[in-house]
Amino acid sequence: MTTATTRRHERRISPVFLAILAVMAVTGWAVWTDFAASPGVAVFLFVTSAWVVSLCLHEYAHARTALHGGDITVGAKGYLTLNPLAYTHAVLSVVLPVLFVILGGIGLPGGAVFIEQGRIQGRWKHSLISAAGPLTNVLFAIVCTAPFWLGALDGVPFAFQFALAFLAFLQVTAALLNFLPVPGLDGYGVVEPWLSYKVKRQIAPYAPYGFFIVIALLFVPAVNNAFFDAIDALLRSLGVPEASRYCGSQLFRFWEGAPPEFCRV
């Protein structure tokens, strides 16, 4: 196999990702047309598959930016194929975020792809590589909320509106959480290249626990309320009603029973 052929193989879109994309498309169509016998199941599959697609794009953005920054090893690791099974921490990158959505209805960031930092020259490149992932979530949120802030909801079925609103909520929470300058999250990766060696040495012992500290803080009522108040305010500013996001969450959690009457329109 020639080098050129190898490189094409390294960048070929994975059948796994295409299968997830197909599930998103089919279930999205089922929600739109009200074809599914159980709208809740269709919304669940649509939102979950779209969430996994966004996770794949998040990690791809890290890898692609790293490739242009100088780390030519990301292709051989399978990071450019959009295959979630190729990630260094597939459980952290996909399984854990999906479980948090199912159990808690919140979009938590996953584990990053492994970048060989020594191959990247320049602090701006390091920062951009870290920022690329959550910026993908921001872009995904813009796409999901566009029908709301553009006033283009005429003819859009309510179930699909609710699903988009809930998916936008997941993307916004993931972006904001991931941009926190906490070790283990991409926000720290953005600022870390600009810190002094002494500060980085002081932070290093606590770095493995940063992600878990953030999760623990979300259980503190004052922190939880402040965080979700900020999320609600941001979504309202984008034209997404709180009721739409709530109904999307209720439809998504179909195993809890029928949603409230005002969600079944």
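**View 1. Glu 116, a partly exposed partner.** At 26% relative accessibility, Glu 116 is partly exposed (the class between buried, under 20% relative accessible area, and exposed, over 50%, with a 1.4 Å probe and protein chains only). Its side chain meets that of Arg 119 in a salt bridge, 2.8 Å from N to O (a side-chain nitrogen of Lys or Arg within 4 Å of a carboxyl oxygen of Asp or Glu). Arg 119 is partly exposed too, with a relative accessible area of 38%. Look also for Lys 77, which is linked with Glu 116 and Arg 119 in a network of salt bridges.

This is a predicted model, in which local features need pLDDT of at least 70 and side-chain atom pairs count only at pLDDT 80 or more, while totals for chains, interfaces and linings use all residues. Residues are numbered from 1 along each chain as its sequence is written, and side-chain values use heavy atoms, leaving out hydrogens and water.

**View 2. Glu 192 and Lys 200 meet in a salt bridge.** Here the N to O distance is 3.8 Å. Glu 192 is partly exposed at 26% relative accessibility, and Lys 200 is partly exposed at 25%.

**View 3. Arg 245 and Asp 232 form a salt bridge between two helices.** The pair meets at 2.6 Å, N to O. Arg 245 belongs to helix α11 (residues 242-252) and Asp 232 to helix α10 (residues 221-237), so their contact ties together parts 13 residues apart in sequence (helices are DSSP runs of H or I, at least four residues, numbered from the N terminus). Both side chains belong to buried residues: Arg 245 has a relative accessible area of 16%, and Asp 232 has 12%.
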